[in-house]
Amino acid sequence: SNNIPYSNDENANSQQLFASQRNINMKKVESMMNAPDIISQPVYATHDDYVIDGHHRVLANRIKNRPL
């Protein structure tokens, strides 16, 4: 982990995260909504709740009203 501090919030709320990317591929989001193995993969966010990796998974979970 290169001595970078992190925390593991197993029940993060997808509604409370902010996007740091503008473009979202809705076809990708739709396919993730029906793929539990993909939608449940980790999402990486900053300490102030900006998504670094996992924008499509966050949106798919948000639409399904699921925790991350």
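**Figure 1. Overall fold of the chain.** Among contacts in the chain between residues at least 6 apart in sequence, 67% join residues at least 24 apart. The model is predicted. Three helices and two strands make up its secondary structure. Along the sequence they follow the pattern α-α-β-β-α.

**Figure 2. Helix α3 and its cover.** Helix α3 spans residues 55-63. Its buried residues are His55, His56, Arg57, Val58, Ala60 and Asn61. The cover over these buried positions includes helix α1 (26-33), helix α2 (36-39) and strand β2 (51-53). Ile63 also belongs to α3. Its relative accessibility is 45%, so Ile63 counts as partly exposed. Just after the helix, Asn65 takes a positive phi of about 55°.

Figure 3. His55 lies in helix α3, which covers residues 55-63. Its relative accessibility is 8%; the cut-off for buried is under 20%, so His55 counts as buried. A polar atom of the His55 side chain lies 3.0 Å from the backbone nitrogen of Ser20. The His55 side chain also makes a polar contact with the side chain of Gln21, at 3.3 Å. Leaving out residues up to four places away in sequence, His55 touches Ala19, Ser20, Gln21 and Ile24.

**Figure 4. The salt bridge between Arg57 and Asp53.** The structure holds one salt bridge. It joins the side chains of Arg57 and Asp53, with an N to O distance of 3.7 Å. Arg57 is one of the buried residues of α3.

**Figure 5. The aromatic pair.** The structure holds one aromatic pair. The ring centres of Phe18 and Tyr50 are 5.1 Å apart and the planes meet at 35°, so the pair is tilted. The pair links distant parts of the chain: Phe18 sits in the segment before α1, and Tyr50 sits in the loop between β1 (44-45) and β2, 32 residues apart. Phe18 has 42% relative accessibility, so this residue counts as partly exposed. Tyr50 has 38%, so this residue also counts as partly exposed.

**Figure 6. Val51 in strand β2.** Val51 is found in strand β2. Its relative accessibility is 2%, so Val51 counts as buried. Setting aside residues up to four places away in sequence, Val51 touches Leu17, Phe18, Ser20, Val43, Tyr44, Ala45 and Val58. Phe18 in this list is also a member of the aromatic pair. Val58 in this list is one of the buried residues of α3. The C-alpha atoms of Val51 and Gln21 are separated by 8.2 Å, although the two residues are 30 apart along the chain.

**Figure 7. A nonpolar surface patch.** Ile24, Met26 and Ile63 form a nonpolar patch on the surface. Ile63 comes from helix α3. Ile24 is also one of the residues touched by His55.

Figure 8. Asp49 is not a glycine, yet its phi is positive, at about 75°. This residue is found in the loop between β1 and β2. At 34% relative accessibility, Asp49 counts as partly exposed. Asn65 is not a glycine either, and its phi is positive at about 55°. Asn65 lies in the segment after α3. With a relative accessible area of 62%, Asn65 is exposed.

Key. Residues numbered from 1 in each chain as written. Predicted model: local features only at pLDDT ≥ 70, side-chain atom pairs only at ≥ 80, totals over all residues. Heavy atoms only, no water. Helix = DSSP H or I, 4+ residues; strand = E, 2+ residues; numbered from the N terminus. Buried < 20%, exposed > 50% of the residue type's maximum accessible area, 1.4 Å probe, protein only. Polar contact = N/O pair within 3.5 Å; in protein donor to acceptor, adjacent residues only side chain to side chain. Contact = heavy atoms within 4.5 Å. Patch = residues over 30% accessible without salt bridge, like charges linked within 9 Å, V, L, I, M, F, W, Y side chains within 5 Å. Areas by Shrake-Rupley, 256 points an atom, 1.4 Å probe, with all protein chains shown as cover. Salt bridge = Lys/Arg side-chain N within 4 Å of Asp/Glu carboxyl O. Phe/Tyr/Trp six-rings, centres within 6.5 Å; stacked < 30°, edge-to-face > 60°.
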